[in-house]
Amino acid sequence: MEALALSLVNAIPPLAGVPLWTVTLLLMVVVAAVILVFALTFEGVGSLVLRKVAGDIQARIGPNRVGPNGMLQFLADGVKLVLKEDIIPANADRLLFKLAPYFVFVGSFAAFVVVPFGVGLIAADLNIGIYYVMAVTSLVVVGVLLAGWASNNKWALLGGMRAASQIVSYEIPVGMALIPAVLIAGSLSLQDIVRSQGGLLGIFGWNLFHNPFTFFSFFLYFTAAQAETNQTPFDLPEAESELVSGYNVEYSGIRFGLFFLAEFGDMFIVAALATACFLGGWNVPFFNAGTLPWIWGNLLSLGVFLAKAFAMVLIMMWVRWTLPRLRVDQLMRMAWKFLVPLTFVNLLGVSLWLLVFRGKGIPGMIASLFG
Amino acid sequence: MTTRTDALPTQEMTINMGPQHPSTHGVLRVILTTDGEVVTRAVPDVGYLHRALEKIGERVTYAQYMPFTDRLDYLAAMNCNCAWAWTVEKLAKIEVPERAEYLRVIVCELNRISSHLIAFGSYTADMGAFTPFLYAIREREQVNDLFEMLCGNRLTYNYARVGGVSGDAPPGFLEKTREFLDYFEPKLDEYNNLISYNKIFVHRLANVAVIPAEEAVAYGLTGPNLRGSGVPFDLRKDEPYSVYPKFDFKVCVGTGERGTLGDCFDRYMVRINEMRESVKIVRQAVARIPDGPVRAKVPRLFKPPVGETYFRSECPRGETGIYLISDGSVNPFRLKIRTGSFVTMNIFEKVTRGLMIADVVAVIGSFDIILPEIDR
């Protein structure tokens with residue numbers, strides 16, 4: 001960020017008199033605002049697309065009243081959520097009740113900071129990128145548990161307990177399934193991971209096709225991440241038909257809205273991580289977007305990244321409207337008896353592969369065969 | 001299911017499930033005592049929808065009671081209409097024209113299809129898959145259209161009459177029915193491919209709340225819940241009424257195909273298969289329906305002879321038995337209705353012990369209870 005500020009100062013002479021830290025700070029605020037606006041826009045559009053997709057899958061129309069073809073439905077929903085009365089139950093723990101949505105919201109949104117949107121388009125290219133995502137998204141557990149406890153509602157408590165156990169359990173396979181990408185790139189930074197998948201192999205440079213183990217770990221990651229973010233078929237914490245609505249049952253107005261937004265934020269983060277770690281991130285096949293003049297390279301890579309991420313989001317929606325829900329014991333069994341051992345074995349496989357073949361993937365080997 | 005309560009003592013929690021809960025299929029209240037997620041006791045509390053339908057029966061005439069039977073089971077109003085008509089006809093020994101009986105069988109079986117569609121759809125929604133529910137609603141809509149054509153109503157039909165039905169089928173009705181059957185029958189395979197044999201769905205239902213055959217009989221279960229335990233008892237076959245003996249269909253029973261005989265999956269599958277049999281019956285009835293009048297001459301204020309009668313018929317949710325005492329006046333002297341859902345609730349506490357909370361939802365759905373039938 002500081003380097004960017006320096007280059008900005010150099011580029012725009014009138015800024016020379018301003019202290020560097022002021023420029024850096026201002027830049028940070030601007031970037032944060034851009035990220036937040038992007039996230040909120042995604043959520044708005046995402047919720048609309050979700051409902052349209054649901055409508056299509058379920059042989060009905062979906063929202064079609066607000067704006068042309070229902071396009072403005074998400075604005076109406078947002079305005080409604082903001083304007084609604086914010087009810088706090090009489091017996092709730094007021095402080096924790098108010099605090100809980102922020103934990104969930106912050107935990108979900110802080111992860112956007114390291115999402116590699118394109119060439120140079122990353123709010124903060126932390127050298128511990130993946131580690132950071134895993135850490136901040138864990139904050140969601142605290143919020144969910146607080147919400148379940150503070151509501152003083154037994155259904156909410158059950159939902160909170162379910163969520164806590166589920167998120168903690170599935171964090172392990174999620175982390176383990178992401179490590180292969182880290183091993184191949186040799187870096188925790190998401191930009192480095194994306195860069196490691198570029199090159200002349202096109203889509204076969206992706207980690208997904210690197211070797212059989214990485215192919216497998218993509219699906220392991222996707223499954224575990226769906227569970228970690230409470231998406232159907234793992235939406236037990238908010239199982240509507242069992243727990244009425246789970247941990248957020250007592251929330252209304254914008255506090256409910258924050259939970260809702262965080263859910264969509266999680267959805268995008270899962271899709272973005274899958275794209276960055278396995279699907280080549282913003283790499284344009286057979287083309288180095290970084291060589292394009294001015295901002296065209298950045299925009300092109302941004303478009304490619306978003307297209308991939310949105311495709312993943314669509315798949316998640318498709319799954320969501322197709323599958324029934326697991327039972328809580330089956331969910332735990334799946335995490336500890338299948339996903340955790342499988343991801344460990346998989347990790348071992350990737351490590352051995354990298355050791356034996358000196359870091360080369362199958363497509364790379366085939367390519368070198370043909371010179 | 002083993003719980004480690006001795007190793008780690010925890011406090012039991014009492015949770016009130018309902019009367020407002022999305023999965024209790026109405027205003028059923030279940031008082032759950034749970035140890036974490038494990039239910040140690042689930043006591044159903046019924047009566048939130050009591051409307052004294054039986055007492056009302058003593059104050060209105062036989063013909064006037066017909067609309068009330070719509071409200072007995074609003075998802076299968078035709079079956080209840082016809083049950084009342086058959087009871088009164090049995091009491092007064094009224095001969096019903098054959099065309100009317102055929103029409104009654106057609107509407108009863110169509111209504112069985114639409115009722116089972118709701119059972120299927122809401123069950124999958126309870127299990128977390130919301131999409132099949134809307135498919136089921138889409139198909140049910142067509143049955144509603146057919147009934148609207150026939151009697152003008154879409155939910156509470158009031159179609160049967162003592163001595164026949166309210167009106168003959170309008171032109172085109174039988175063709176439309178045949179079209180619907182042709183459209184609907186392949187849909188059942190679609191449902192099976194979509195959800196019935198879905199691995200998660202099967203895992204949720206198989207081996208859950210197993211009711212052995214003897215127990216099902218001992219607790220007086222009827223209808224699909226009894227047949228799900230493998231007991232081939234169907235009043236349409238075993239105590240034939242109306243023109244049912246003229247049709248060729250088979251009684252669907254649970255086979256334990258994915259788990260134990262008598263589990264939730266068997267009860268679910270019985271309903272799916274019964275829809276197929278109902279399609280068969282309606283096809284035959286539509287093909288063979290005779291011409292003629294649809295209503296016998298019955299005076300509007302008719303007085304049946306003194307006496308009593310009990311008539312039971314196979315409704316979608318089990319046996320609906322109507323016990324009727326007449327003192328020779330225009331009103332029934334005493335009316336008692338036995339319904340499938342109410343009797344089924346007896347076994348609820350027994351089968352839910354030791355299950356998870358999510359399984360309680362599965363059990364309620366597999367019984368396909370409906371609250372107006374429980375409370376009357």
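**Exercise 1.** Which residues of helix 6 (residues 173-196) of chain B are buried?

*Solution.* The model is predicted, so local features need pLDDT of at least 70 and side-chain atom pairs count only at pLDDT 80 or more, while totals for chains, interfaces and linings use all residues. Residues are numbered from 1 along each chain as its sequence is written, and chains are lettered from A and ligands numbered from 1 in the order in which they are written.

Step 1. A helix is a DSSP run of H or I with at least four residues, a strand a run of E with at least two, and both are numbered from the N terminus. A residue is buried if 20 or more other C-beta atoms, placed from the backbone, lie within 10 Å of its own C-beta atom; with 12 or fewer it is exposed, and in between it is partly exposed.

Step 2. In helix 6 of chain B, the buried residues are B:Thr177, B:Phe184, B:Tyr191, B:Ile195 and B:Ser196.

Step 3. These residues pack against helix 4 (98-126), helix 5 (131-151), helix 7 (199-205) and helix 11 (264-288) of chain B; two residues are in contact if their C-beta atoms, placed from the backbone, lie within 7 Å.

**Exercise 2.** Examine the length and the surroundings of helix 6 (residues 139-150) of chain A.

*Solution.* Step 1. The expected span of a helix is 1.5 Å times one less than its number of residues.

Step 1. Ten of the twelve residues are buried, so helix 6 of chain A is largely enclosed by the rest of the structure. Among them are A:Val140, A:Leu145 and A:Trp149.

Step 2. The buried residues pack against helix 4 (94-109), helix 5 (129-137), helix 7 (154-185) and helix 11 of chain A.

Step 3. After the helix comes A:Asn152, which has a positive phi, near 55 degrees.

**Exercise 3.** Describe how helix 2 (residues 20-57) and helix 11 of chain A pack.

*Solution.* Step 1. The angle is about 95 degrees and the axes are 9 Å apart. Axes are lines fitted to C-alpha atoms, for helices over the stretch in contact, and angles run from 0 to 180 degrees between N-to-C directions.

Step 1. Angles under 35 degrees count as roughly parallel, over 145 as roughly antiparallel, 65 to 115 as roughly perpendicular and the rest as oblique. The two helices are therefore roughly perpendicular to each other.

Step 2. Helix 2 of chain A contributes A:Ala39, A:Phe42, A:Glu43, A:Gly46 and A:Ser47, and helix 11 of chain A contributes A:Leu261, A:Phe264, A:Gly265, A:Met267 and A:Phe268.

**Exercise 4.** Identify the residues with the most contacts inside the largest nonpolar core, and examine A:Ala274 among them.

*Solution.* Step 1. A nonpolar core is a set of buried Ala, Val, Leu, Ile, Met, Phe, Trp, Tyr and Cys residues joined through C-beta atoms within 7 Å. The largest has 208 residues, and A:Tyr221, A:Ala271, A:Ala274 and B:Val360 have the most contacts inside it. Helix 11 (residues 253-278) of chain A gives the most to this core, with 17 residues.

Step 1. A:Ala274 lies in helix 11 of chain A and counts as buried because it has 25 C-beta neighbours inside 10 Å.

Step 2. Leaving aside neighbours within four places in sequence, A:Ala274 is in contact with A:Phe218, A:Tyr221, A:Phe222, A:Leu279 and A:Met312.

Step 3. In chain B, B:Val360 touches residues including B:Val30, B:Leu32 and B:Leu355, not counting residues up to four places away in sequence.
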